[in-house]
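Work through the exercises below with the structure open beside you. Try each task before reading its solution.

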Amino acid sequence: MRQANDRVTEHGGGVWSLRVPIPDNPLGHTLVHVLDTDRGPVLVDTGWDDPDSWTELTDGLRALGIGVSEIHGIVITHHHPDHHGLSGRVREESGAWIAMHAADTAVVRRTRDSDPAAWLDYLARKLTAAGAPEEHLAPLRAARSGGRMRTLPGLGAALPDWEIVPGELLDLAGRRLRAVWTPGHTPGHVCLHLEEEHPAGLPGHGRLFSGDHLLPGISPHIGLYEDPDDATVTDPLGDYLDSLERIGRLGVAEVLPAHQHAFPDAAGRVRELLDHHEDRLAGLLALLTTPLTPWQLAERMEWNRPWDHIPYGSRNIAVSEAEAHIRRLVKLGRAEAVTGTEPVAYVAV
Ligand SMILES: [Zn+2]
Ligand SMILES: [Zn+2]
């Protein structure tokens, strides 16, 4: 692996990564991967939709001798704006196709069609059911009645042209890139397995573009899938843990994630994350010896800072993560709803 300059890393075998900044975000940047094919360069993810990010992406491509107009296709690991944000602009300037898993395309379509007021109503309903206190709900109600509804992120996200079908090879001339469905972080997250020998001869079976599913130093956010129209009791944490095991079994030589840096030993990292989640679930069970609402559980869970210092929007995400953990524990028969509680409290069994 060679660092050509700050923004471009050459991974060998016709694969490069570009650092595309995410404005005002501690993650710093998205690693957009460029994959050479016989019909032109293909991007794996595109980066945040922001003028500076666009400049970095196009400068990075130029450093590789690639004009944006030459991009042949865009493969998206998942719909989040730090991955899919610039896809529409790249397509406009190049005519490239965009491919995404159907479950995330459904999220893009729903977000594009959604009415901010209906979304605020959904959020208020959901937070009330989770046991959020009045002072947390009041700003939502005020925004709703005062018509101060900021636009939702993702309203302008690009609709894909192609569906990524799990288990199938993508139609890329001269390359073997197979989609592996890895739901959990989002319902349609995919990893992309480059089934070609490692260019530096690292032992193992090819390389994996892992998106946000498998990162070297971060445990990705697992919340609820947040579909206001779907009453199915999904189990995103269960999906994520299954997806991790699926990735661990591939035996890849190297992982090319969408944040941080490339790393070997996917199976080792998978084990660490499985252990981390096992510990976390055990910790939550200990908290649930007393009946708690999802909100109360979130307040008591361990985060990267004390609850009092967690900003408003991040608390909503934290509660969603607490609920995902409760669903897993209920599904495993380790916790249950306390009958007659409103909002519903859960207790370890
Ligand atoms: Zn993400
Ligand atoms: Zn991300």
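This is a predicted model.

**Exercise 1.** Decide for His83 and His259: buried or exposed?

Solution. Step 1: apply the cut-off, since buried means under 20% relative accessible area. Step 2: His83 counts as buried. Step 3: His259 is buried as well.

**Exercise 2.** Find the protein donors of the zinc ion (ligand 2).

Solution. Step 1: look for N, O and S atoms within 2.8 Å of the metal. Step 3: write their spacing in sequence, D-H-x128-D-x46-H. His83 is in helix α2 (residues 81–84), and His259 is in the loop between β12 and α8 (266–287). They are 176 residues apart, so the pair links distant parts of the chain.

**Exercise 3.** Which residue bridges the zinc ion (ligand 2) and the zinc ion (ligand 1)?

Solution. Asp212 bridges them. The two ions lie 3.6 Å apart.

**Exercise 4.** In what order do the four strands of the open sheet stand?

Solution. Step 1: read off the order, β9-β10-β11-β12, with mixed pairing. Step 2: find the edges. β9 (177–181) and β12 (254–257) each have a single partner strand, so one side of each lacks a neighbour in the sheet. Neighbouring strands are turned by 25° against each other on average, direction ignored. Step 4: take one pair. β11 (residues 207–211) and β12 run parallel over four bridges. Gly211 stands opposite Pro257 in β12.

**Exercise 5.** Which strands does helix α7 (residues 236–248) lie across?

Solution. Helix α7 lies across β9, β10 (190–194) and β11. Its angle to β9 is about 150°.

How values were computed:
Residues are numbered from 1 along each chain as its sequence is written. Chains are lettered from A and ligands numbered from 1 in the order in which they are written. This is a predicted model: local features need pLDDT of at least 70, side-chain atom pairs count only at pLDDT 80 or more; totals for chains, interfaces and linings use all residues. Side-chain values use heavy atoms; hydrogens and water are left out. Two strands pair if DSSP finds at least two bridges between them. Helices (H or I, at least four residues) and strands (E, at least two) are DSSP runs, numbered from the N terminus. Axes are lines fitted to C-alpha atoms, for helices over the stretch in contact, and angles run from 0 to 180 degrees between N-to-C directions. Contact means heavy atoms within 4.5 Å. Donors are N, O and S atoms within 2.8 Å of the metal (3.2 Å for Na, K and Ca); water is not among the atoms, so sites may look incomplete. Buried means under 20% relative accessible area, exposed over 50%, partly exposed in between (1.4 Å probe, protein chains only).
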